[in-house]
Amino acid sequence: MSVFPATAAAKARERRGATAPAASRGQRAAYLFIAPLGLGFAVFYFWPLLQTFYFSFTEFGAFGGHTFIGTDNYVRVVRDVTVWQALGNTLIYSLIGLTALPVAIVVAVLLDRRGLRGVAVYRALYFVPFVTLPVAVGLVWNWLYNGDFGLLNEVLSRFGAERRYWVSDPSTAVFAIGTVMVWSTTGYYLIIFMAGIKGIPRDYYEAAELDGAGALRRFFTITLPLLSPTIFFASVICMINSLQTFDLIYIMMGETNPAIGDTQSVVGLFYKWAFVENAQGAAAALAFLLMLLIAALTYLQFRLQKRWVHYA
């Protein structure tokens with residue numbers, strides 16, 4: 001009777017000995033596959049982050065070199081009025097950019113209707129502005145917004161509206177640029193939401209139709225709740241991208257526009273300090289604080305998502 005326990009224990013040891021090398025080989029293979037990504041992250045993200053943090057405590061000379069000056073750059077950032085104005089503009093851009101989400105949701109629902117032909121064509125047409133270079137987008141929309149011969153003023157003048165210099169007027173410049181942002185990013189979020197809608201089981205809609213629920217009822221009770229994880233993902237991406245907006249503003253505003261101070265974003269101010277005024281240390285401090293702001297808002301979104309995101 002004593003042979004069986006010993007034999008069972010021996011077999012267990014043999015199994016452990018046979019599977020341990022296989023498991024370790026699998027772990028080594030997994031680390032080998034993620035090594036390129038980890039190396040790229042360390043070289044192109046983590047190391048520049050550490051360098052930016054270090055340079056934020058330094059001052060660069062006119063001919064190179066830098067000296068440690070402590071927290072003077074952070075004091076300058078906090079006390080500079082243009083920083084707070086740029087931050088306010090950036091937050092406005094972010095709020096305007098978020099309006100692309102409901103637009104994309106509505107369009108995605110309309111394109112998801114049964115029997116609709118040419119869905120692929122519509123999807124491609126909406127997506128083209130997103131893949132178009134910001135330089136081309138800015139130049140085209142500058143022509144549309146032109147106060148003297150722009151197409152927008154030509155159309156509005158037919159209805160008795162006065163001509164406006166949309167991009168040069170401080171009262172309209174931010175919203176004019178924000179409109180272009182929404183136009184150019186709606187197609188990207190449309191693709192995301194269409195994929196999310198395709199993942200919702202059709203049985204739910206069929207059951208709701210049998211119960212007499214109309215299109216609006218099905219949208220608010222089925223589509224939106226089950227699409228909430230996708231909406232959460234898109235909102236995080238949209239917020240991060242909007243807080244880093246720069247190229248479109250730079251192209252549309254130029255360097256001599258009288259409303260440039262009323263439309264400048266935080267990244268635009270960073271560019272001005274770092275590459276125009278040779279204040280790399282202050283620019284590094286501004287960039288690091290922007291990173292902290294993005295991290296804080298992203299964390300807040302993750303905390304609030306527990307209240308409205310429904311995971312099926």
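**Helix packing**

I started with handedness: helix 9 and helix 10 cross in a right-handed way. Worth noting at once that this is a predicted model.

Next I looked up who makes the contact. From helix 9 I listed Tyr204, Tyr205, Ala208 and Glu209, and from helix 10 Arg218, Ile222, Thr223 and Leu226. Sorting these contact residues of helix 9 and helix 10 gave me five nonpolar, one polar and two charged.

Then the geometry. Two packed helices are described by the angle between their axes and the distance between the axes. Helix 9 spans residues 202–210 and helix 10 spans residues 215–243; their axes come within 11 Å and cross at roughly 165°. Angles over 145 degrees count as roughly antiparallel, so helix 9 runs roughly antiparallel to helix 10.

**Aromatic rings**

I moved on to rings and counted 20 aromatic pairs. A pair of aromatic rings is described by the distance of the centres and the angle of the planes, and I wrote down both for two of the pairs.

Phe127 with Phe130 is a tilted pair, at 5.6 Å centre to centre with 40° between the planes. Both residues sit in helix 5 (residues 119–131), three residues apart, which is about one turn of the helix.

Phe270 with Phe275 is an edge-to-face pair, with 6.5 Å between centres and 90° between the planes. Phe270 has a relative accessible area of 27%, so it is partly exposed. Phe275 reaches 60% relative accessibility, and the cut-off for exposed is over 50%, so Phe275 counts as exposed.

Which residues do ring pairs link into a cluster? I found Phe53, Phe57, Phe68, Tyr74 and Phe288 joined that way.

**A positive phi**

Last entry: Asn278. Its phi is near 60°, a positive value in a residue that isn't glycine. Where is Asn278 found? I traced Asn278 to the loop between helix 13 (266–276) and helix 14 (280–308). With 32% relative accessibility, Asn278 goes in my notes as partly exposed.

Technical notes: Residues numbered from 1 in each chain as written. Predicted model: local features only at pLDDT ≥ 70, side-chain atom pairs only at ≥ 80, totals over all residues. Heavy atoms only, no water. Axes fitted to C-alpha atoms, helices over the stretch in contact; angles between N-to-C directions. Helix = DSSP H or I, 4+ residues; strand = E, 2+ residues; numbered from the N terminus. Parallel < 35°, antiparallel > 145°, perpendicular 65-115°, else oblique. Left-handed = near helix turned anticlockwise from the far one by under 90°. Contact = heavy atoms within 4.5 Å. Nonpolar A, V, L, I, M, F, W, Y, C, P; charged D, E, K, R; others polar. Phe/Tyr/Trp six-rings, centres within 6.5 Å; stacked < 30°, edge-to-face > 60°. Buried < 20%, exposed > 50% of the residue type's maximum accessible area, 1.4 Å probe, protein only.
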